[in-house]
Amino acid sequence: MKQTDRELLRELERGIPVSERPFLEIGERLGITEDEVISSISHFKDEGIIRKIRARINQRRIGINANALVAWSVPPDWDGFLRLSSLPGVSHCYLRKPVRGRWDYSVYTVHHNHERDEVYENVDSFARSEGITDFIVLFSTEEFKRVPAVRIDENGDELI
C-alpha cells in the first residue's frame, strides 16, 4: 500500500470535515486532488479495505441515555435473529456459545433508546412474541471507548 493511501486512511479515521467539499479539504491536507481522494476511497471500498463511511453520533449528547446489552437464552433451533436484529434501536446482534449451568445465554443484542422503560418495553414485547422467558437486560452507566477496533496506526501494517 502506498504511503498516500495510509495517510488517507488516517485522515478518514479522524473524521470527514463538515463542509461543502470535505474530500477537497482532505486532499489539500495530503497534497492530492479531490478526485484522487474520491477515487481512492472507491478503490478501498471495492477492495474491501473499508466497508463504509458513516456518521458517528454521540448518542448521549442527543438524549439517548438508555443503552443496554441484552443476553437471551433461546432454543438451539431458534430462527429469530433477523427479527431481533431488526428491532428499532438495536445496533448489534450476535451469537456466542453459552457456558451451560453458569451463563446460559447465547444471543446478545445492544439496545439504544431515550429511556430505560422504552428499552424494557421493546425487549419484553419481543420476548413475549417469541416465547422467550429467559433474558437479562444490563444497562451501561458509562462509556469508556468508542473507536473502531482496527486502526491504521495501531495495526494496519499487519492487515494490509
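A helix here is a DSSP run of H or I that is at least four residues in length, and helices are numbered from the N terminus. By that definition, S39 belongs to helix α3. The model is a predicted one, and the paragraphs below go from its overall build to single residues and their contacts.

The protein contains 6 helices and 4 strands. Read from the N terminus, the order of these elements is α-α-α-β-α-β-β-α-β-α. The radius of gyration is 20 Å, while the globule rule gives 15 Å for 160 residues, so the protein is more spread out than a compact globule. Along the principal axes, the C-alpha atoms fill a box of roughly 60 × 35 × 25 Å. As for burial, 32% of the 160 residues of the protein count as buried.

Helix α1 covers residues 3-14, and both E11 and R14 lie in it. These two residues are 3 apart, which is about one turn of the helix. Their side chains meet in a salt bridge, with a distance of 2.9 Å from N to O. Are the two partners buried or exposed? R14 has a relative accessible area of 57%, and because the cut-off for exposed is over 50%, R14 is exposed. E11 has a relative accessible area of 11%, and because buried means under 20%, E11 is buried.

A second salt bridge joins E34 and R21, whose closest N and O atoms are 2.3 Å apart. This pair links distant parts of the chain, since E34 is in helix α3 and R21 is in the loop between α1 and α2, 13 residues apart. E34 is buried, at a relative accessible area of 18%. R21 counts as partly exposed, at 44% relative accessibility.

D79 and R83 form another salt bridge, and here the closest N and O atoms are 3.2 Å apart. D79 is exposed, with a relative accessible area of 58%, and R83 counts as partly exposed at 39% relative accessibility. Some salt bridges share partners, and in this way E11, R14 and R29 are joined into one network. How many salt bridges does a search of the whole structure find? The search finds 6.

Two residues can now be placed by their distance to others. F23 lies in helix α2, which covers residues 22-30. With 22% relative accessibility, F23 counts as partly exposed. Between F23 and T33 there are 10 residues of separation along the chain, and their C-alpha atoms are separated by 8.4 Å. S39 and K2 are 37 residues apart in sequence, and their C-alpha atoms are 14 Å apart in space.

The surface also carries patches of residues of one kind. Which residues gather in the patch of positive charge? They are K45, R51, K52, R54 and R56. One of them, K52, lies in the loop between α3 (34-46) and β1 (66-72). K52 has a relative accessible area of 56%; exposed means over 50%, so K52 is exposed.

There is a patch of negative charge as well, where E115, D117, E121 and D124 gather on the surface. D124 has its place in helix α5, residues 116-130. At 31% relative accessibility, D124 counts as partly exposed, because the value falls between the 20% and 50% cut-offs. A patch takes residues with over 30% relative accessible area, so the 31% of D124 passes that cut-off.

V99, W103 and L138 form it on the surface, and together they have about 250 Å² of accessible area. L138 lies in strand β4, residues 135-139. L138 is partly exposed, with a relative accessible area of 37%.

To review, the surface of this predicted model has a patch of positive charge that includes K52, a patch of negative charge that includes D124, and a nonpolar patch that includes L138. The salt bridges found number 6, among them the one between E34 and R21 and the one between D79 and R83.

Methods
Residues numbered from 1 in each chain as written. Predicted model: local features only at pLDDT ≥ 70, side-chain atom pairs only at ≥ 80, totals over all residues. Heavy atoms only, no water. Patch = residues over 30% accessible without salt bridge, like charges linked within 9 Å, V, L, I, M, F, W, Y side chains within 5 Å. Areas by Shrake-Rupley, 256 points an atom, 1.4 Å probe, with all protein chains shown as cover. Salt bridge = Lys/Arg side-chain N within 4 Å of Asp/Glu carboxyl O. Lys, Arg positive; Asp, Glu negative; His and termini not counted. Charge placed at Lys NZ, Arg CZ, Asp CG, Glu CD. Buried < 20%, exposed > 50% of the residue type's maximum accessible area, 1.4 Å probe, protein only. Rg over C-alpha atoms; globule rule 2.2 N^0.38 Å.
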